[in-house]
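User: I want to learn how to read helix packing and nonpolar cores. Can you take me through an example?

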Amino acid sequence: MKRILAVPLLLAALAALFLPGSWGPGTAFLLALAGAALADPGVIRGTLRAGLVLGAVFAAALTAGVAAAWSSWGMGTSLGVELLLRILTVALVTGTVARSVDGERLAALAGRAGLGRLGQVLGLALNTLPHLLDTLDQVWGSLRLRSGGRLRALVRAPRLAEVVLAHAGRLADEAAGAAALRGLAVRRSAPAGLARGLPVVVVTGPGGGGKTTAVEEAVELIRRGAGVSVAGFVQPGMWGKDGREAFRVRDLVTGDEAILARRVERGRGEHGTRFVFSGEGFALAARALARVQPGAVLVADELGPVELRGGGHMPALREALGRPGLRGAVFSVRRHLVPALLAALDAADATVVTVDGAAAPAREIARRFCGGGSSL
Amino acid sequence: MSDPRPWTWAAVFGGLWGALEMTAGTALKLARIPLSGALMAALALVILVTLRRLQPTAGVCLLAGAAAVFLKVLALGGVFPGPLVAMGVEAVMVEGVFLVVGSRAVAAALAGALVLVWGLLQMVGMVWLVAGLRVLASWGEALGGLAGRVGTGGISPGVLLSLVAGLHAAAGAAAGLGAWRMAGRVGRRLRGASR
């Protein structure tokens, strides 16, 4: 109750500082003193320490001296006292607020105000803080060592910032993947039509990191190891000296192939990408997905932003995933798209296999669809 | 499509901002390095612009600002209005400019200019709050007298403040543009050349 009464007193103290005339600061100081005494008497002793009071007196004396030199002694004394009272008032108000409100109270307030998402954001920020502090320390330490001193390291600080920001981005993507799996995503449209409890493997890794190869090897292992039929498509890349120049699409049952996309000059691509797409490639992929039978494992390789926006292979994929009796599904996707894919699929039972982190990624993928008695 | 990335990015980038305030901010303050406030504002700008460029969703900067303020409160052990107001206003300014102008380099430059000028204005505001108009006028009179004696009496305090604000704005715009370019490089690091 006393704390609640202190709030208007402290606000009135701040307002009084803006009142015209010389009596404003005196009133403000008395109001701040009363507010602090009501909120927590210890604040007065804690805030008005010798160092602060001496500093305020010094500033006031300096002001008084300057004003007296340019005007009169009366004016100098009046201004000196005003400054002293203003400094002490601001110190008392900020000191009281600082001792009365803490982080937990703020977070609880956000929760009570119905800002659930804010609560999650604050929680995640707090959880990642130790890791981020470690990262900053390590990156700065290695930069300092490599640069041969603090000053030289400072010159290369933009490079450090780039590394740290990219690391924070990866951390945020991982957190988003975990959030999507725990159903914490914000739903904006219908999911892709995945049956509840359908086992899903998401294969991920960097571009050119071996995702398609791992998926193709896993398809063989699933077929041979468990006798399970597999249908769908893979999209091997065609590489040139400047990276990936085109994508092919291959039907996993018939082996038929077609060109799906070719890279073009920047700004001339379709769907916001650097590629132009062929209707023939999409048609072949749709036919491959139509071959998925009950009891089969569905494979869709190298899904991209086009699919996650609902275009490309997504309509055919939705239809295939809606068929009853599927054994499971394997999708491959670039690392930064994993959270969006999991959220789009509403996948509650997903295993993420990272090709550059697993010793035998194909076996890890296949193991999910092969019984305990298999030779994998 | 549902995508939790905007809020997880906001949380982690807010956490990064909070971590920088705890480490670099504290070190700069203890070392009493001049313009440390402007330096920290520039670092915050880099984080916010990168976040807004890579996650162009309305409100991400506000969430990141809330997370950073929350961590700062925990680090300081209480609500100290000065730095918290500065951080909150920086987040609001970057978000506001990007909302109005769109996710473009010019928005980053404008946001940078506003953020650094705000730092200066907040300092002037604090001096006004603590010292009051009468004391400020008295100091101005004394400085004007001194300036007259050294032959620079023609420069009024208002002109001087505008000059300093202009310098802050120019530095802020440059920092904003640099942050925009850095955000592009960070995006390329994260994405590679995906289709």
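User: How many helices and strands are there in chain B?

Analyst: Helices (H or I, at least four residues) and strands (E, at least two) are DSSP runs, numbered from the N terminus. Chain B has six helices and zero strands. This is a predicted model: local features need pLDDT of at least 70, side-chain atom pairs count only at pLDDT 80 or more, and totals for chains, interfaces and linings use all residues. Residues are numbered from 1 along each chain as its sequence is written, while chains are lettered from A and ligands numbered from 1 in the order in which they are written.

User: What share of the residues in chain B is buried?

Analyst: A residue is buried if 20 or more other C-beta atoms, placed from the backbone, lie within 10 Å of its own. In chain B, 45% of the 195 residues are buried.

User: Which residues have the most contacts inside the largest nonpolar core?

Analyst: A nonpolar core is a set of buried Ala, Val, Leu, Ile, Met, Phe, Trp, Tyr and Cys residues joined through C-beta atoms within 7 Å. The largest has 72 residues, and A:V121, B:A10, B:L45, B:A64, B:A67 and B:A111 have the most contacts inside it. Its largest share, 12 residues, comes from α2(B).

User: Which residues is B:A64 in contact with, leaving aside neighbours within four places in sequence?

Analyst: Contact needs C-beta atoms, placed from the backbone, within 7 Å. B:A64 touches B:A10, B:F13, B:G14, B:W17, B:L48, B:L51 and B:A91 on that basis. Another core, of 58 residues, lies apart from the largest one and includes A:A226 and A:L260.

How values were computed: A residue is buried if 20 or more other C-beta atoms lie within 10 Å of its own, exposed if 12 or fewer, and partly exposed in between; C-beta atoms are placed from the backbone. Two residues are in contact if their C-beta atoms, placed from the backbone, lie within 7 Å.
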